[in-house]
Amino acid sequence: MEKLAILGGEPVRKTPIGYGRHYIDDSDIQAVCDALRGELTCGPKIAEMEKAICALTGAKYCVAVSSGTAALHIAAMAAGVGPGDEVITTPITFAASANCALYCGAKPVFADIHPDTYNIDPKSIRRCITPKTKAIVAVDFTGQAVQLDEIRSICEKHHLILIEDAAHSFGTRYKGTPVGGIADLTTFSFHPVKTVTAGEGGAVTTNDPVLYEKLLLYRSHGITRDRSLMIHPTDDPWYNEQRDLGYNYRITDFQAALLISQMKKLERFAARRRAIVAKYNEAFSQIPQIQIQKEIPESDTTRHLYILRLHGNLLNCTRREFFDALCAENIRPQVHYLPVYWHSYYERLGYQKGLCPNAEAYYKESMSLPLYYSLTDEDVEDVIHAVKKLIAYYKK
Ligand SMILES: *Cc1c(COP(=O)(O)O)cnc(C)c1O
C-alpha cells in the first residue's frame, strides 16, 4: 500500500490544482484593450455581445447584464414574481437561483432532485405546485439541460413562467436546440469559473418581445428614452422617464468585448471539457465506491462541473476525510452545493433540514473534481491516480 500524502508520503502532484479556472489568451487581452479606447459603457460592444448570444442560442432577444445574479433578478421581475407568490427551484444550486425570488418578495419552494442526474425532478415539481406558484427556476446543474419538455408542459398546464438558470450550460443543446431559446426566460453567468467569462457578467434571453422590453427597463433603473413606452411623453430632447423601479445592472463594454472574444473559443472549450469528462467516466465507471452522474440523453452537454459522488457505505472514511486527503495530494476539490435551504439565512426564514432527502443525500457524498479547458492530460491522470489511490486505501 502506497503511503498517503495526508499521512506524510509524497503527494501525487507537486503543484496544487483547483476545481475550475478561467482561460485568457492574447486575443482576449487585445479585445479588452481595444474596447478601452472606445465607449466604456452603453457602447456598441454590448449590442455585439447580445447579438453573438442570440446567434449561439437561437433566442430572439438578449439583454446583457452585470452578473448571473442580476440576470436572475430581472428575469424574476419580468416574470411578474412578487409578494405572495411562490417560485419553485432546486436546493442543489448556487443560492442566487432561490434568492431572486426573495428579491421580489416571493417565497422560494424547494423541489427535490433526481437521485441520479442531480437535476430538479419534475415529479417533485408537481408536488410543490400550489395556487400561489408563479414561476419555476430550473437549473441545468453541471451543464446538463433539465427535462425541458416535461417541465414546460407542467408550466403550460399551471400557467407558470419557466426561468432556466443556465449559468452552467452555456453552449448546451436540448434535443438539438440550444439552451437559451427554449424557456420563457434563460439566464447565463459569465463569472470566471464558468465555461466562458466576462470577468463578471450575465445575460437573459427570451423570445417574447413583452418580456424583452421589461428586461431592458429593469436593467437600467426602470428609465426609458423610448417615447412609445412613456406615460407622459414630451418633445423635450433631454427627457427620459422612470416608468418602473429598476436597477443599474449594466455590463461594461470592455467586459462585453472579453465575452465576445471568449465565445470564439467556446467550441474548443466545450470539446476539451467533454474529453476530460469522458476520461474521468472511463476511469471511475468500474469502481463500485463511485457513482457516476447519469447522463440525460436529450442533453448535448457543455459540462461545467464534474461530480465525484462517493458511496459512503462502501468506504471507511467520511466525505470530509476524502476531501482533505485529495487536498493533501494537491488536488483541491469543491462541494457544489450546500442545499440552499441549509444556509443560516434560510433557516432563519423557517426552512428546515429534511425537506429534500435526495438533495441532502447527494450533498453528503459529493465533491467537484478539476474540470477546465487548460487542464493537461497529465493533470487529468494525476486526478484519476489520486482518486484511485484514496479509494484503494479507504475501501471496505
Ligand atoms: C454562478 C451561478 C449563478 C450566479 O452567477 P454570478 O454571475 O456569479 O452572479 C447563478 N446560478 C448558478 C447555478 C450559478 O452557478
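1. Let me start with the largest pocket, whose lining counts 21 residues, with Leu216, Arg219, Ser220, Ile223 and Arg250 nearest its centre. Pockets and cavities are found on a 1 Å grid over the protein atoms alone: a cavity is a set of points where a 1.4 Å probe fits but cannot get out, a pocket is an open set with protein on both sides within 12 Å along at least five of seven lines, and lining residues have an atom within 4 Å of a point.

2. A word on the basis of all this: the model is predicted, local features need pLDDT of at least 70, side-chain atom pairs count only at pLDDT 80 or more, and totals for chains, interfaces and linings use all residues. Residues are numbered from 1 along each chain as its sequence is written, and side-chain values use heavy atoms, with hydrogens and water left out.

3. Back to the largest pocket, which holds about 470 Å³ of space; a volume is the space filled by probe spheres set on the grid points, which are joined across faces, edges and corners. Helix α7 gives the most to this lining, with four residues, while α2 (44-57), α7 (209-219) and β10 (223-224) each supply at least two. Helices (H or I, at least four residues) and strands (E, at least two) are DSSP runs, numbered from the N terminus. By class, the lining has nine nonpolar, six polar and six charged residues. Here Ala, Val, Leu, Ile, Met, Phe, Trp, Tyr, Cys and Pro count as nonpolar, Asp, Glu, Lys and Arg as charged, and the others, Gly among them, as polar.

4. Where does the ligand sit? The ligand is placed in the second largest pocket, in the sense that more than half of its atoms lie within 2 Å of the pocket's grid points. About 360 Å³ of space lies in this second largest pocket, and its lining of 24 residues has Phe94, Ala167, Ser189, His191 and Lys194 nearest the centre. Elements giving two or more residues to that lining are α3, α4 (96-103) and β8 (185-189). The classes there are nine nonpolar, twelve polar and three charged.

5. Around the ligand itself there are 15 residues, and Gly68, Thr69, Asp165, Ser189 and Lys194 come nearest; a residue is near if one of its heavy atoms lies within 4 Å. Helix α3 (residues 68-78) contributes the most to this shell, with three residues. The shell divides into five nonpolar, eight polar and two charged residues.

6. A backbone N or O atom of Gly68 lies 2.7 Å from a ligand oxygen, a polar side-chain atom of Thr69 lies 2.5 Å from a ligand oxygen, and a polar side-chain atom of Lys194 lies 3.1 Å from one. The protein buries 92% of the 380 Å² that the ligand exposes when taken alone, with areas from the Shrake-Rupley method and a 1.4 Å probe.

7. Lys194 turns up again at the largest cavity, where Arg21, His22, Tyr23, Lys194 and Thr195 lie nearest the centre among 13 lining residues. The whole structure has one cavity of 30 Å³ or more, and about 70 Å³ of space lies in the largest cavity. Its lining comprises six nonpolar, four polar and three charged residues.

8. Finally, two backbone details to check by eye. A cis peptide bond joins His336 and Tyr337, with omega about 0°; Tyr337 belongs to the loop between α10 (319-328) and α11 (344-348). Tyr118, although not a glycine, has a positive phi of about 75°, and Tyr118 lies in the loop between β3 (107-110) and α5 (122-128).

Definitions and conventions: Polar contact = N/O pair within 3.5 Å; in protein donor to acceptor, adjacent residues only side chain to side chain.
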